[in-house]
Amino acid sequence: MFKGKARAYTNIALIKYWGKESQALILPKNNSLSLTLDGFYTETEVLFTEEATKDCFYLDGVKQSEQATKKVTTFLNLVRERANCPFFAVVRSHNHVPTAAGLASSASGLAALAGACNQALDLNLTPKELSKLARRGSGSACRSIFGGFVEWERGDSDETSYALPVDAQGWEQELAMIFLLINDQPKDVSSREGMQRTVKTSAFYPQWVKEAQADLHIAKEAIQHHDFQKLGTVMEANSLKMHATTLAAVPPFTYWSPDSLRAMNLVRSIRQAGLPCYFTMDAGPNVKVLCQKKDVAAIFEALSSTFSDQQMVVAYAGPGIELLEMDVTK
């Protein structure tokens, strides 16, 4: 019996990853940059045992279907091959974040699974190696291995695609992100499906890749100089450009809802009134508002004119992956 348990936090991409160069290895088309946050996380425990006759996956206490377990098994096969482990596994994952709603649950979930497997099978992976492994489960999971600002190097092979922390000299501790939970239900078009459709059919996609690399350079400069306005401006523009690619896909689709648009317009209004804040959106309707810690209370109050307190969650810069003690009496 080999056991492990880990907690990983969500990361929100400020410069987006959207589209794969390799589906099999999950190599992205462009580098991306994210901020790991403390507001949402996943705890996952894994138990490799000779008593198991197949892999079993429980999410929030509910045993998942064979289809849902397939992705977990694919990842576990990589781990078993690396560790020369012959056993099936029981995986129990608890999402302290809505699943498949554009709030990065796959990033925290697969990062936590990678960390739990590393512990269970004594793989002794370095953080960089663990990032590579997590990437094979879900691309953005490679960034959740680290805290604070993180860049995912796209690379051109399994060995050269991984995430690394970006040193901000502690500036990330002065920032905050307010999540506007517009809809926590699973989305109609998954991130994976949306990416594939966009890469194959969107007339805007080739330009997106060029723009993303330029945006990344601007964002890293902003972090280096602790320039909040510069970082927020490029983050917001990058998000809008990513979502524009989906409108030019065939058939077109969008992750925006009427409330998403209402939230974006409200953020612009708050900014024009003198409170600096900027929005970003991933593959889902929920809006994230980047601001400075000192302005959180005032921005939260301004957002309350349209959204209820139950729809808003304030998060701050979060840590990297954490190993936990596992209760084996279950």
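Tutor: The place of R136 is in helix α3; helices here are DSSP runs of H or I with at least four residues, strands are runs of E with at least two, and both are numbered from the N terminus. This is a predicted model, in which local features need pLDDT of at least 70 and side-chain atom pairs count only at pLDDT 80 or more, while totals for chains, interfaces and linings use all residues. Residues are numbered from 1 along each chain as its sequence is written, and side-chain values use heavy atoms, with hydrogens and water left out.

R136 has a relative accessible area of 23%, so it is partly exposed (buried is under 20%, exposed over 50%, partly exposed in between, with a 1.4 Å probe and protein chains only). Apart from neighbours within four places in sequence, R136 is in contact with A24, L25, I26, F75, L78 and D158, where contact means heavy atoms within 4.5 Å.

Helix α3 covers residues 127-137, and its buried residues are L130, S131, K132, L133, A134, R135 and G137. The cover over those residues includes strands β3 (27-28), β8 (149-153) and β9 (162-165) as well as helices α1 (66-83), α2 and α4 (191-201).

Helix α2, one of the elements covering α3, runs over residues 105-120; its 16 residues reach 22 Å from first C-alpha to last, close to the 22 Å expected at 1.5 Å a residue (the expected span is 1.5 Å times one less than the number of residues). Because 14 of its 16 residues are buried, α2 is largely enclosed by the rest of the structure. D122 lies in the loop between α2 and α3 and has a positive phi of about 50° although it is not a glycine. With 57% relative accessibility, D122 counts as exposed.

D60 also has a positive phi without being a glycine, near 55°. It sits in the loop between β5 (56-59) and β6 (62-63), and D60 counts as partly exposed at 41% relative accessibility. A further backbone feature is the cis peptide bond from V250 to P251, with omega near -5°; P251 is in the loop between α6 (228-247) and α7 (258-272).

Now the whole chain. It has eight helices and 14 strands. Its radius of gyration is 19 Å, close to the 20 Å that the globule rule gives for 330 residues, so the chain is as compact as a globular protein of that length; the radius is taken over C-alpha atoms, and the rule is 2.2 Å times the number of residues to the power 0.38. Along the principal axes, the C-alpha atoms fill a box of roughly 60 × 40 × 40 Å. Of the 330 residues, 55% count as buried. Among contacts with a separation of 6 or more, 76% join residues 24 or more positions apart.
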